[in-house]
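Visitor: Could you take me through this model and set each term against the rule that lies behind it?

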Amino acid sequence: MMSAFWCHLLPAIKLYLLGLKVLLLQLLNGPLRLPVMPRQDGNVAIVTGGGRGIGYEVARHLVRLGAHVIIGGRDEQEGLAAVRRICEHYKEAKAGVMLVPEGRTEDGFEQHFGVNYLGHFLLTWLLLDTLKDSGKSGHVSRVVNVSSSAHCIGQIRLNDLNSRQSYSSHAAYCQSKLAQVLFSFHLHQEMQSGGFQVSSCAVDPGMVDTALYRHLWTPLHLAQSVIARLLFRTPEEGATTVLSAALSPALEGDCGGGYWANGCREMTTPLTFDPQLQVSLWEISLQLLNLH
């Protein structure tokens, strides 16, 4: 009984303490402002979760710069068929979820793992040939995964990625964000070693005032709704790091990849650089999605 209690409580404590740390650092860093970016006429961008929040601001700015933007929506219960539909149209993906109650997508995957990680893995895989063909020297194709500082307290349980043995929404969320970073790093290495003009990175937009926090415990959600308006970044500010990673001319070629937060490249935990863990997660993901 006590073990199960700590299994649920400890990840929550870690995540909320991390959130407090991130918020303090964010306030010390001050507001983020996007520098002038080059026009994107003729380029195509797929923005998951582009209907609201950070995704909307990213899509809006890309349109202003002349890009053709395809927006994927949000449906926590829907399966991976939406990802396949967008690929069929191009040749709906999903936004992120956080702390949702235990549940499964229609494909049977735990929601954080399925929506935050597997959906984006599948979208990237199905478009990989197009990304390779589109990238050229001086103008690489870019994959930008919106992760979170929560990845640094996440654990990957390769034998229980769907959290069936024990479920904690906090632990499941952190695991999904760590999976995104591992995937981003491995994809970038694969593309570079293969000589393809494709880069992949993970970004952390920070603490942003969006609907992502709606599943917080009720007392915390009430407090968060007040604090967010005063101290969190706006969705437009949150989109700055995403747009910089996607558009900055300084990140072409070998300068791409990595993990970005507060507008600059940051180091992550040693676990994210574990080559065996990267490969194992990659292979298991292919198996789960029947992509072999």
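The conversation below goes from the whole chain to single residues.

Guide: This is a predicted model, in which local features need pLDDT of at least 70 and side-chain atom pairs count only at pLDDT 80 or more, while totals for chains, interfaces and linings use all residues. Residues are numbered from 1 along each chain as its sequence is written, and side-chain values use heavy atoms, with hydrogens and water left out.

Visitor: What makes the chain as compact as a globular protein of that length?

Guide: The secondary structure comes to nine helices and six strands, where helices (H or I, at least four residues) and strands (E, at least two) are DSSP runs numbered from the N terminus. The radius of gyration is 18 Å, close to the 19 Å that the globule rule gives for 292 residues, so the chain is as compact as a globular protein of that length; the radius is taken over C-alpha atoms, and the rule is 2.2 Å times the number of residues to the power 0.38.

Visitor: Why is α6 called largely enclosed?

Guide: Of the 25 residues of α6, 20 are buried, so the helix is largely enclosed by the rest of the structure; buried means under 20% relative accessible area, exposed over 50%, and partly exposed in between, with a 1.4 Å probe and protein chains only.

Visitor: How do you know that the span of α6 is close to the expected one?

Guide: Helix α6, residues 169-193, reaches 36 Å from its first C-alpha to its last, close to the 36 Å expected at 1.5 Å a residue, the expected span being 1.5 Å times one less than the number of residues.

Visitor: What makes β3 and β4 a pair?

Guide: Two strands pair if DSSP finds at least two bridges between them, and β3 and β4 have six bridges, in the parallel sense. Valine 203 in β4 is the bridge partner of valine 146. Strand β4, residues 198-204, is mostly covered, with seven of its seven residues buried.
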